[in-house]
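Subject: Structure handover

Dear colleague,

Please find the structure below. My notes on it follow.

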Amino acid sequence: MLLHTLWFLVLSPRLLLLGAIGINLITVAAVSLAAQDMPEFRKGMWEYQITLGSGNGQPQTITTKKCTNPTEDLKKQNKMLAKDGCKVSPITKKGSAYSYTSQCMKQGIGSQSTSVITVDGDVGYRIDAESQQAGEQSKQMLLAKRVGDC
């Protein structure tokens, strides 16, 4: 199942080896946050690290860098996600952490996730998500940080 993801804009095709489903759930987290009051992220060179894990094996991690404007990337993904019909609960904010749940249905396959996004000013954020799809549970973590100018 190929899903729209933030990583579509960030990573190379090797991402497919890590599983588009888990990536989509992290995207729901990041994109949902884009609609809320949060800092504008600074454009520049960003490093993205994603770790995907399931109950059946070792977590897999990849890291990549991209010259980008994460705020604009999130806005683009927000539009794409809305077309997919995902439903997101109201977001609760506690300090720099945003929490919520989401439900998506794509090609007849439903997924649910619980996500916590911790924002580090305009230079970084971390997303921790737990998801379930077709009886399979997984955990995902995305760490994004600005590492300099382009």
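Helices (H or I, at least four residues) and strands (E, at least two) are DSSP runs, numbered from the N terminus. Ala 134 sits in the loop between β7 and β8 (136–148). Although Ala 134 is not a glycine, its phi is positive, about 50°. Ala 134 is exposed, with a relative accessible area of 69%; exposed means over 50%, buried under 20%, and partly exposed in between (1.4 Å probe, protein chains only).

On the source: this is a predicted model, in which local features need pLDDT of at least 70, side-chain atom pairs count only at pLDDT 80 or more, and totals for chains, interfaces and linings use all residues. Residues are numbered from 1 along each chain as its sequence is written, and side-chain values use heavy atoms, with hydrogens and water left out.

Confidence

pLDDT is the predictor's confidence in each residue, from 0 to 100. The protein chain has a mean pLDDT of 75, and 69% of its residues reach 70 or more. Among its elements, strand β2 (residues 60–68) has the highest mean pLDDT (93) and helix α1 (residues 6–10) the lowest (38). The pLDDT is below 50 over residues 1–25, a stretch that has 64 contacts in the model beyond near neighbours in sequence; contact means heavy atoms within 4.5 Å.

Disulfides

There are two disulfides in the structure, a disulfide being a pair of cysteine sulfur atoms within 2.5 Å. Counting bonded cysteines along the chain, the pattern is 1-4, 2-3.

Cys 67 is joined to Cys 150, with S to S at 1.6 Å. This pair links distant parts of the chain: Cys 67 is in strand β2 and Cys 150 in the segment after β8, 83 residues apart. The link of Cys 67 and Cys 150 is right-handed, with 100° about the S-S bond. Cys 67 is partly exposed at 40% relative accessible area, while Cys 150 counts as exposed at 63%.

The other disulfide joins Cys 86 to Cys 104 (S to S 2.1 Å). Cys 86 lies in the loop between α3 (70–83) and β3 and Cys 104 in strand β5, so the pair ties together parts that are 18 residues apart in sequence. The torsion about the S-S bond of Cys 86 and Cys 104 is about 120°, so this disulfide is right-handed. Both Cys 86 and Cys 104 are buried.

Strand pairing

Two strands pair if DSSP finds at least two bridges between them. Strand β5 (residues 97–106) runs antiparallel to strand β3 (residues 87–88), joined by two bridges, and Lys 87 stands opposite Gln 103 in β5. Strand β4 (residues 92–94) is also antiparallel to β5, with three bridges. In the hairpin of β4 and β5, which has two residues between the strands, Gly 95 takes a positive phi near 65°. Between β5 and strand β6 (residues 109–119), again antiparallel, there are 10 bridges. Ile 117 in β6 is the bridge partner of Tyr 98.

Aromatic pairs

How many aromatic pairs does the structure hold? It holds four. Rings of Phe, Tyr and Trp (its six-membered ring) pair if their centres lie within 6.5 Å; planes under 30 degrees apart count as stacked, over 60 as edge-to-face and the rest as tilted. Phe 41 and Trp 46 are edge-to-face, at 5.7 Å centre to centre and 85° between the planes. Phe 41 and Tyr 125 are tilted, at 5.0 Å and 45°. Phe 41, Trp 46, Tyr 48 and Tyr 125 form one aromatic cluster.

Regards
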